[in-house]
Amino acid sequence: MSEQATFTLDGRTVPFQEGQTLMAAALAAGIYIPHLCFNPEFPPHGSCRVCLVKVNGRMVASCTTPAMAGQVVQSETEEIREIRRGILQMLFVEGNHVCPACEKSGACQLQAVAYYVGMLAPHYTHFYPRRPVDASHPDALLDFNRCILCELCVRASRDVDGKNVFAVQGRGIKAHLVVNTPSGKLGATDFSLTDKAAQVCPTGTILSKHSGYEIPIGQRLYDRKPINVVGDVAALAVSKGGRRHD
Amino acid sequence: MTEPSALTQNIRDIVQRHHKMPTRLLQILREVQDSLTWLPTAALNAVAEELGIAPDKVRSVATFYSFLYTEPRGSYDILFSDNITDRMLGNRELLHYVADRFGVSINGTRADGRVSVGTTSCTGMCDQGPAALVNGYALTRLTKARLDRIVDLVNTNTPLEQWPREFFEVVSHIHRADSVLGRHFADGAALRAVLKRGPSAILEEMSRSGLRGQGGAGFKSASKWLSCRDAPGEVKYVVCNADEGEPGTFKDRVLMQDYADLVFEGMTVCGRVIGARQGLVYLRGEYRYMVDALQATLQNRREAGLLGEAILGNPSFDFDIDIHLGAGAYVCGEESALIESLEGKHGVPRIRPPFPTTHGYLNKPTVVNNVETFASAAKIAVQGGDWFASRGTAESKGTKLLSLSGDCERPGIYEYPFGVTVCQVLEDCGAKNPQGIQMAGPAGHMISEKWFDRRICFEDLATGGSFMVFDQSRDILDGIRNFAHFFAHESCGFCTPCRVGTSLMRDLVDKVHTGHGTRADLAEMRKLGQIMRVGSHCGLGQTAPNPVLDSLDQFPEAYERRLRSTAFEPAFDMNAALEQARWLTGRTDPDAYLDEQALLGAMP
């Protein structure tokens, strides 16, 4: 019988299958590596860079890097936490994230990951971009201010729902999420709250219109336990406080 | 206003000319814009319709490339090259001068729709600036007198073909020639060599030559060719990276303009070695002025039996070359972004692995090499690997083309064996009182006098060829600010550290440059630069902080003399903010003040 190939992650031995990424192997072993654009139901994207780990002295995105036998991987070191914190601080100033006024607060993966990496307040100078809200859809609200360009809704709508409702346009800091209609309005699409695209946002960009604050602040998903214990909001059943648009 | 039906017909014709191939999307959009001056939504939708692809795909390409406009633009679009070398030659004054003469704001379009004036990243004319582009065609050696004539030509709506030829003259200033530029090369010699000796023998010569990627990354070219040759698949591609976007480099422009046969021959040899029948040249949009000449060269080669079917009469030797034009995106110099762009998409670098040698253009095995690498390869095929390896150093065989610009008497192209010292180069180009060099462009390293004894080679100072000289009269921080703006403009926006980091860095450099920075800002720059360097998805973001990080070490005085205070200086004064509370409560006792200093300051 051939022996299972393994690598070590922060000293723990992690088995993996040929072709598995570091992230997938860690997840299967029950080890949390913080992430935002990664969702195990989709091919890795590698854009948010929050899941950076150090492999043999080099920083790589764990969601896109294939596991190899004998690799020495570091994740929870102060050096890496500081870089992850910096990346979260960037995301928070790039958009307009006003947690106390956001319905998603407490069940927001962005907020939970920020707490997890030790980011307790904004750091960089805010960009304050002008991003009008789209309330044209009868059931859903699109608040572009909270978009972090993970493209999960883009991928879900295109690859799962077959609707291709969302896209990213523009370059550099001007890159932004758009709705694929001549008017650019969600109301002109066949988007529905039951779409996969409505359930994958790690922030409060896509919200249900007719329900709000059903779970009080203080009793929400990440209010009592951190994300590494609770898991991603998109992966949890409604009864646990996730997937609230199902 | 164009009639919808006329618009549709026009676009149908353009799309037909490109055989309705979605991979030609970028080329199609360029042509549509040439006829309309910009890309209205109706035009984008018509292109999508004709190609049978989703409108958002077309729009994401149209909004990605700098030279494509989704807002109205003047029928004469003048973009000043805004590299630091253009600035040294006074381009800003000329920019404001011509904008005033046209009565148009910078980056604006005149009300009559006739003209727009703006800036763009380095156009690769650093040895003959100040430079600009008009409707994509290179203008060189601009002066106020020349701009006066241009203003008249535009105001009289004179077609570009009737403008004086000398405005568009691009000179190849070759000051030192060696293995690649120097020796005579008979067209077809490398092809005859590969036919006579066989592809394996030529690959062996490549291996012996030690040739490394001349774009600057330095990967062994023979390994790349071998990996691609051995990759499974019938269809393979050869791609020439002529997207010479690194500010300060223009050696590929000279090679494509004066040595195109050599480059095409190198590509053809590569095709024979790896088993590819199709080559693609990705030429940066700034070099569109040479497209017609390059097409003519390709046609001559076909007629001479050096390209196309049955090369040199050998029925098993087919290889042809197609030219794709970029549209203003530095990130497309990264090989996987370049491939995305070749496929007609916006240029976001792919996740690697897999690498292009196994999964490249259209997911087929592909060799992507720099222009200079192919030129060297053609020479090696004829002269042999040992001949090439006899020049250079242990780890860096052969020669390197350097693009010299900035403060020197003889800017232009210098071909040196690897291992030449910075000092030697400075002496040869006539650099008086050099203060610093931006080596290998903004993505490379800013070096001061204490490094001038170092050697240019992969084991010491690696370079893709850019060499910009700053003399003692220059403010280094002017250059750093220029580069920080460049990277913020050119980030593709895919990954967080580069997308947000380049803009944060630009703002921090601006803050210091305008005299509002503190020591805390310098510490912040270092920390931010480190996150970008280790965290970014591709080389663009990883190297974007280099100018700042290098100059903080090598030219600390350039920063420090601008700091508001050498200590941390908060923008917020807590004691002043408490003054109203003290007044309301009537307190004047020592405990109402934050510290003794504040109390003393408050005493009458």
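In chain B, strand β7 (residues 237-242) runs parallel to strand β10(B), and the two pair over 5 bridges. Within this pairing, B:C240 has B:N369 of β10(B) as its bridge partner. The model is a predicted one.

**Strand β10 of chain B**
- Strand β10 of chain B spans residues 366-370 and is mostly covered, with 5 of its 5 residues buried.
- Cover is present on both faces of β10(B).
- One side of the strand presents B:T366, B:V368 and B:N370, and the other presents B:V367 and B:N369, all of them buried.

**Domains of chain B**
- Chain B is assigned domain 1 (4-62), domain 2 (76-168), domain 3 (174-389), domain 4 (399-474) and domain 5 (477-560).
- Between domain 1 of chain B and domain 2 of chain B, the C-alpha centres are 28 Å apart.

**Domains of chain A**
- Chain A comprises domain 1 (6-76) and domain 2 (81-240).
- The centres of domain 1 of chain A and domain 2 of chain A, taken over C-alpha atoms, are separated by 24 Å.
- Contact between these domains involves 13 residues of domain 1 of chain A and 20 residues of domain 2 of chain A.
- On the side of domain 1 of chain A that touches domain 2 of chain A, 8 residues are nonpolar, 3 are polar and 2 are charged.

Notes: Residues are numbered from 1 along each chain as its sequence is written. Chains are lettered from A and ligands numbered from 1 in the order in which they are written. This is a predicted model: local features need pLDDT of at least 70, side-chain atom pairs count only at pLDDT 80 or more; totals for chains, interfaces and linings use all residues. Domain bounds come from an automatic or database domain assignment. Two residues are in contact if their C-beta atoms, placed from the backbone, lie within 7 Å. Ala, Val, Leu, Ile, Met, Phe, Trp, Tyr, Cys and Pro count as nonpolar, Asp, Glu, Lys and Arg as charged, and the others, Gly among them, as polar. A residue is buried if 20 or more other C-beta atoms lie within 10 Å of its own, exposed if 12 or fewer, and partly exposed in between; C-beta atoms are placed from the backbone. Helices (H or I, at least four residues) and strands (E, at least two) are DSSP runs, numbered from the N terminus. Two strands pair if DSSP finds at least two bridges between them.
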